[in-house]
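Here is a friendly briefing to read alongside the model. Take a moment to look at it, then follow the topics below.

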Amino acid sequence: MQKRSLGLDDRLYDYFLSVSLREPEILSQLRQETANHPAAMMQIAPEQGQFMALLVQLLGATKTLEIGVFTGYSSLSVALALPAHGKIFACDVSKEYTNIARRYWQQAGVANKIDLHLAPAIETLDRLLASGQSESFDFAFIDADKENYDCYYQRSLQLVRPGGLIAIDNVLWGGDVANFQVQNRSTQAIRALNEKLHHDERIALSLVPIADGLTLALKR
């Protein structure tokens, strides 16, 4: 996984951040704490968090979905961009990781916007569908175990409204998707989903080479 945009050398990446990144202090603190975590490579890049916040504002989103929370950088980025009545339904299985997220949500004053579900994400998504919440979400972000990406995408497509957006992380997978000598299950799952999305007429599609690759799928 990449914590910064692919293909930029250190000098150009530092310049890129210097003229574009407007990172609130609370997000900077969370990013710095997560950098010391044993699983720090799961952290999204700051430019990606800012990009997602902009997408949420462009959509006028008030109800969003997050599949994979980790220490909360992406959810905090989105929560800060949502209006006061906005809501994130966040899915994760780790109490340890999300305890860090909860602490920063509280410090930022956005904990009331985030409804955390500690359970396998497929179970949470199925409960949302069973409770009649199809086509009620404006935005969904998928960044969890790669082998279930297609399952998360299919359910998110049902939950997001027409004109809503699904963002899928790590779709370039550090470049391994283009190296066919790499055949582990996670890489195969991402390749398969990338190919599927390329031909999925239910969406308008763009793969943005920010951070580790972010697919944007606009539901028709």
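**A first look**

R31 and E23 form a salt bridge, with their closest N and O atoms 2.6 Å apart. A salt bridge here is a side-chain nitrogen of Lys or Arg within 4 Å of a carboxyl oxygen of Asp or Glu. Please keep in mind that this is a predicted model, in which local features need pLDDT of at least 70, side-chain atom pairs count only at pLDDT 80 or more, and totals for chains, interfaces and linings use all residues. Residues are numbered from 1 along each chain as its sequence is written, and side-chain values use heavy atoms, with hydrogens and water left out.

**The whole protein**

- The secondary structure comes to eight helices and seven strands; these are DSSP runs numbered from the N terminus, helices being H or I with at least four residues and strands being E with at least two.
- The radius of gyration is 16 Å, close to the 17 Å that the globule rule gives for 220 residues, so the protein is as compact as a globular protein of that length. This radius is taken over C-alpha atoms, and the globule rule is 2.2 Å times the number of residues to the power 0.38.
- Along its principal axes, the C-alpha trace spans about 50 × 45 × 30 Å.
- Of the 220 residues, 50% count as buried. Buried means under 20% relative accessible area, exposed means over 50%, and partly exposed lies in between (1.4 Å probe, protein chains only).
- Among contacts (heavy atoms within 4.5 Å) between residues at least 6 apart in sequence, 72% join residues at least 24 apart.

**Salt bridges**

- A search of the whole structure finds nine salt bridges.
- R185 forms a salt bridge with E147, and their closest N and O atoms are 3.2 Å apart. R185 lies in helix α8 (residues 185-198) and E147 in the loop between β4 (137-142) and α7 (149-159), so the pair ties together parts that are 38 residues apart in sequence.
- R185 counts as exposed because its relative accessibility is 61%, whereas E147, at 43%, counts as partly exposed.
- Another salt bridge joins the side chains of R202 and D200, at 2.8 Å from N to O. R202 is partly exposed at 38% relative accessibility, while D200 is buried at 11%.

**Around K219**

- K219 lies in strand β7 (residues 214-219), and it counts as buried because its relative accessibility is 11%.
- The side chains of K219 and E135 are joined by a polar contact of 3.1 Å. A polar contact is a pair of N or O atoms within 3.5 Å; within protein, one must be able to donate a hydrogen and the other to accept it, and residues adjacent in sequence count only if both atoms are side-chain atoms.
- The side chain of K219 also reaches the backbone oxygen of L157, at 2.7 Å.
- Leaving out residues up to four places away in sequence, K219 touches several others, including Q158, P162, R202 and I203.

- In helix α2 (residues 25-35), the buried residues are I26, L27, S28, L30 and T34. What covers them includes α4 (73-81) and α5 (95-108).
- L12 sits in helix α1 (residues 10-20) and counts as partly exposed, at 43% relative accessibility.
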